[in-house]
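Student: I have a structure open and would like to go through it piece by piece. Can we start with the sheet?

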Amino acid sequence: MRVLLIGANGYLGRFVAERLLADPAVQLTALGRGDDADVRFDLATGSPGALTRFLDAVHPGVVVNCAGATRGGARELTRHNTVAVATVCEALRRSGCGARLVQLGCGAEYGPSQLGSSTAEDAVPRPGGPYGVSKLAATELVLGSGLDAVVLRVFSPAGPGTPAGSPLGRLAEAMRRAMQSGDGELKLGGLGVQRDFVDVRDVARAVHAASLSAAQGVINIGSGRAVRLRDAAAVLARVAGYGGALHELDAPPPQVDHRPPRPEPDHAAPVSYPYPDGCGSWQQADVRTARDRLGWRPRINLEESLADIWMEAACRI
């Protein structure tokens with residue numbers, strides 16, 4: 001099976017590439033903006049015609065799109081998350097390769113949900129910020145394209161490679177600084193939100209399964225269990241061996257802020273950061289469709305994901 005992977009250097013794309021390369025039946029070609037891509041191409045600025053010519057030359061059976069942006073203003077998010085996907089869909093329609101498209105969406109497309117509920121694929125999406133809107137628009141483009149396509153709505157990815165600016169990344173960095181300076185207590189804010197964390201390696205397994213399946217439409221990829229950030233912080237402290245006290249700062253309900261993050265000083269005081277996905281205080285995936293249509297279940301628990309996040313943070317100078 002010949003697979004074209006777009007965004008192989010991204011947070012999720014790296015693990016998708018590893019998973020696909022481990023399959024001896026897969027011939028993988030990576031397309032992206034970096035120098036180490038097999039073919040350099042910028043979806044946000046490149047034309048559908050140029051991409052079509054490449055598709056006709058490589059003739060993949062599957063195209064996996066892991067490319068996109070999670071930060072920036074509405075214009076940048078639209079360019080990288082929506083316009084880029086429009087380019088992929090149009091190129092596939094023009095091409096004679098007949099490739100199947102596996103698009104990575106996100107749980108932020110759903111927006112806030114009711115406390116205690118599990119969000120299924122038939123829920124009406126109401127994204128709470130520009131990021132979710134840009135990803136939802138991409139999903140609608142894929143679903144309306146007439147292509148053989150599936151959209152995997154990934155909830156909150158965790159594990160190795162987790163960006164330092166993400167909520168779990170910030171927790172690990174704050175703990176590293178506390179241990180390095182010998183602080184006996186760690187003050188953290190914004191820990192009341194609950195999210196469905198799924199390990200990036202399980203996400204890669206889902207992409208692999210979707211590439212081989214005939215499933216179409218939207219499929220949720222998550223653990224099926226919401227975890228409070230406060231509890232994740234306690235697990236992180238245990239795997240890190242941090243024996244100090246964790247104190248949660250009082251904070252108002254999280255509000256969405258899509259402004260680019262400002263640089264932090266090396267010894268910044270702990271502050272409360274809003275959870276950036278615009279999904280309010282609760283999100284939990286209904287993952288029965290992934291089980292039934294892909295034969296996929298998450299295998300890696302949150303403690304292992306957090307241990308890998310901590311190992312990377314602890315090695316950071």
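Student: In what sense do strand E2 and E3 pair, and over how many bridges?

Tutor: This is a predicted model. In it, strand E2 (residues 27-32) pairs with E3 in the parallel sense, over 2 bridges. Gly32 has Arg40 in E3 as its bridge partner.

Student: How many strands form the sheet, and in what order?

Tutor: The open sheet is formed by 7 strands, and their order is E3-E2-E1-E4-E5-E6-E10. The pairing is parallel.

Student: And which strands stand at the edges?

Tutor: Strand E3 (39-40) and strand E10 (217-221). Each has a single partner strand, so one side of each has no neighbour in the sheet.

Student: OK, helices. Which strands does helix H3 lie across?

Tutor: Helix H3 (residues 74-94) lies across strand E1 (2-6), strand E4 (62-65) and strand E5 (100-106). H3 runs at about 165° to E5.

Student: What about helix H6, which strands does that one lie across?

Tutor: Helix H6 (residues 200-212) lies across E4, E5, strand E6 (149-154) and E10. The angle between H6 and E5 is about 150°.

Student: Which residues of helix H1 are buried?

Tutor: In H1 (residues 11-21), the buried ones are Tyr11, Leu12, Gly13, Phe15, Val16, Ala17 and Leu20. They pack against E1, E2, E4, E5, strand E7 (156-158) and H6.

Student: New topic. How many salt bridges does the structure hold?

Tutor: There are 14 salt bridges. One of them joins Glu109 and Arg153, with the closest N and O atoms 2.8 Å apart. Glu109 lies in the loop between E5 and helix H4 (130-143), while Arg153 lies in strand E6, so the pair ties together parts that are 44 residues apart in sequence.

Student: Are Glu109 and Arg153 buried or exposed?

Tutor: Both Glu109 and Arg153 are buried.

Student: Where do Asp202 and Arg205 lie?

Tutor: Both are in helix H6, 3 residues apart, which is about one turn of the helix. Asp202 and Arg205 form a salt bridge, and their closest N and O atoms are 2.8 Å apart. Both residues are buried.

Student: Which residue does Glu248 form a salt bridge with?

Tutor: Arg230, with the closest N and O atoms 2.6 Å apart. This pair links distant parts of the chain: Glu248 is in strand E12 and Arg230 is in helix H7 (residues 229-240), 18 residues apart.

Student: How accessible are Glu248 and Arg230?

Tutor: Glu248 is partly exposed, at 33% relative accessibility. Arg230 is also partly exposed, with a relative accessible area of 36%.

Student: Which residues are linked in a network of salt bridges?

Tutor: Glu90, Arg93 and Arg94 are linked in such a network.

Student: Now cysteines. How many disulfides does the count come to?

Tutor: The count comes to 0 disulfides.

Student: Last one. Where does Gln283 lie?

Tutor: Gln283 is in the loop between strand E12 (245-249) and helix H8 (288-294).

Student: Is Gln283 buried or exposed?

Tutor: Gln283 counts as buried because its relative accessible area is 1%, and the cut-off for buried is under 20%.

Student: What does the side chain of Gln283 reach?

Tutor: The backbone oxygen of Gly107, at 2.8 Å. Leaving out residues up to four places away in sequence, Gln283 touches several others, including Tyr110, Phe155, Arg195 and Asp277.

Note on methods
Residues are numbered from 1 along each chain as its sequence is written. This is a predicted model: local features need pLDDT of at least 70, side-chain atom pairs count only at pLDDT 80 or more; totals for chains, interfaces and linings use all residues. Side-chain values use heavy atoms; hydrogens and water are left out. Helices (H or I, at least four residues) and strands (E, at least two) are DSSP runs, numbered from the N terminus. Buried means under 20% relative accessible area, exposed over 50%, partly exposed in between (1.4 Å probe, protein chains only). A polar contact is a pair of N or O atoms within 3.5 Å; within protein, one must be able to donate a hydrogen and the other to accept it, and residues adjacent in sequence count only if both atoms are side-chain atoms. Contact means heavy atoms within 4.5 Å. Two strands pair if DSSP finds at least two bridges between them. Axes are lines fitted to C-alpha atoms, for helices over the stretch in contact, and angles run from 0 to 180 degrees between N-to-C directions. A salt bridge is a side-chain nitrogen of Lys or Arg within 4 Å of a carboxyl oxygen of Asp or Glu. A disulfide is a pair of cysteine sulfur atoms within 2.5 Å.
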